[in-house]
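Reader: I am new to reading protein structures. Could you walk me through one, feature by feature?
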Amino acid sequence: MKILVFYLHLNKDGGTEKVIINYYKNIRSESVVFSFLVQKKGGLDDDIIANGDKVYVIEKNALYKRNLQKFFLEHKNEYDIIHAHMNKDIGLVFKYAKKYGNINHRISHSHNSRSDLPKISKLYKVIRGWSMEKYSTNFWGCSSAANEWFFPRNHMKAVVVNNSIEVNKFVPSLKAREEQRQKFNISPDEFLICNIGRLVEQKNQLFLIDVMKNFIDEGGRAKLIIIGEGHLRNDLVKKISELKLEKNVFLLGNRFDIPDLLSASDIMVSPSVYEGLSIVNIEGQCSGLPCIVSKYIPKDVDLGINLVTVIDSEQSEIWAHVIKEKLLSSERKLAFTDEEKDKLKKYDIYETNKQVLSMYLEICDG
């Protein structure tokens, strides 16, 4: 079985890329071969090519349609499935995949849900979405909300495929907690607040800085670490300086020791203005962290183990109050009951990959 994956690019810091690469690493075998079709070069390309697999880059320019047509003609009858993830050009790519590549199975995969689009963007989404839904044969999404938003005409046919993680990697570690808290000079009477996400408008970290200011002004003793990179870094640095929070807020950039940083933390805060699911809050719960989330994060994120609190407000004072209240009244979980472990299991990468492989095979056999 040969699968062609379509996405914008394959970088190391994106949530969708994590999902794509998880499938690739865990499902790839002699009988299941993946290739990638992207619009930009990415940081993971070389790793994939080193494995003996292919990454095709067709840049989005005036010749895009012609080059896309040429690609599918050159690879006609080569692929059993094309699996596309959240891209405005899915309709066009699927049309050409069907017409010139003879790819009969075309999966659209939703990773986001948002309701704050301006009117002109909503109209643009409707037009593009019509084409995408027309040429898709299968509809997958990371949550019911993501499916309803991305597939308005076909969400009832859509399958929820949980964004998955290696659950065992996030088991809280007392050793890592002590080491990391020492690095950040966290005193015994201080809390460590954690936020993970790209530094972009969607993740709403500028608002989080206001929350932190309110928290400190109310007498709260805490430090905030923000893990991720993005184009708002300079804006965040400026705001941190203006509010004199340099000793309380730290921008850590992209990190590869997330489980250790979660072990060190006391609470995770995610004020996103939209999400498909918010996989970082799944990671947080697996690490036993209380998670404070905005009303815009789908309810599917709550694993039902009494760790998620939803704030239905956009006032920084209210967020600061709820965070302080939770920090003083809730303890992080250091162990899970058997029932709680079963709830975590549905987001375990090994379970999800078995589901995805099974659906790939079912699609081809059907």
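Author: Let us begin with pairing. Two strands pair if DSSP finds at least two bridges between them. One thing to keep in mind: this is a predicted model.

Reader: Which residue stands opposite H85 in β5?
Author: H109 does. Together β4 and strand β5 (residues 105–110) pair over five bridges, in the parallel sense.

Reader: How does the chain get from β4 to β5?
Author: It passes through helix α4 (residues 90–99), and this β-α-β crossover is right-handed.

Reader: What pairs with β4 by four bridges?
Author: Strand β1 (residues 2–7) does, and the two run parallel. Look at H83 in β4 again: V5 stands opposite.

Reader: What is the strand order in the open sheet of seven strands?
Author: Read it as β3-β2-β1-β4-β5-β6-β7, with parallel pairing. The edge strands are β3 (54–57) and β7 (159–160), and each of these pairs on one side only.

Reader: How do I read the two faces of a strand?
Author: Start with the general idea. In a regular strand, side chains alternate between the two faces of the sheet. Now take strand β4 (residues 81–85). I81, H83 and H85 lie on one side, and I82 and A84 on the other.

Reader: Are those β4 residues buried or exposed?
Author: They are all buried, so both faces of β4 are covered. Buried here means under 20% relative accessible area.

Reader: Which residues point each way from strand β12?
Author: In β12 (residues 291–294), C291 and V293 point one way, while I292 and S294 point the other way. All of them are buried.

Reader: Which strands pair with β12?
Author: Strand β11 (residues 267–270) pairs with β12 over three bridges, in the parallel sense. Here V269 stands opposite I292. The chain crosses from β11 through α11 to β12 in a right-handed β-α-β crossover. Then there is strand β13 (residues 308–311), joined to β12 by four bridges and running parallel to it. There, V308 is the bridge partner of C291.

Reader: What can we say about residues within helix α11 itself?
Author: Take E283, found in α11 (residues 279–286). Its relative accessible area is 5%. The cut-off for buried is under 20%, so E283 counts as buried.

Reader: What is E283 in contact with?
Author: Set aside the neighbours within four places in sequence. E283 is then in contact with K18, I165, F170, I258 and L262.

Reader: Where does N281 lie, and is N281 buried or exposed?
Author: N281 lies in helix α11 too. N281 counts as buried because its relative accessibility is 0%. Leaving aside neighbours within four places in sequence, N281 is in contact with M268, S270, C291, V293, I297 and V301. Two of the names there, C291 and V293, point one way from β12.

Reader: How far apart are N281 and G14?
Author: There are two ways to answer. In sequence they are 267 residues apart. In space they are 15 Å apart, C-alpha to C-alpha.

Reader: How many cavities of 30 Å³ or more does the structure hold?
Author: One. The largest cavity has a volume of about 40 Å³.

Reader: Which residues line the largest cavity?
Author: The lining is I193, L208, V211, M212, F215, L224, V269 and I323. By class, eight are nonpolar, with no polar and no charged residues. Helix α8 (residues 205–217) gives the most, with four residues.

Reader: What should I know about phi?
Author: Most residues other than glycine have a negative phi. Now look at N185, with a positive phi near 55 degrees. N185 is found in the loop between α7 (174–183) and β8 (191–196). Its relative accessible area is 60%, and exposed means over 50%, so N185 is exposed.

Reader: Where does N306 lie, and what is its phi?
Author: N306 lies in the loop between β12 and β13. Its phi is positive, about 60 degrees, although N306 is not a glycine. With a relative accessible area of 76%, N306 is exposed.

Key
Residues numbered from 1 in each chain as written. Predicted model: local features only at pLDDT ≥ 70, side-chain atom pairs only at ≥ 80, totals over all residues. Heavy atoms only, no water. Buried < 20%, exposed > 50% of the residue type's maximum accessible area, 1.4 Å probe, protein only. Contact = heavy atoms within 4.5 Å. 1 Å grid on protein atoms, 1.4 Å probe; cavity = no way out; pocket = protein on both sides within 12 Å on 5 of 7 lines; lining within 4 Å. Points joined across faces, edges and corners; volume = space filled by probe spheres on them. Nonpolar A, V, L, I, M, F, W, Y, C, P; charged D, E, K, R; others polar. Right-handed = clockwise from strand over helix to strand, strands pointing away.
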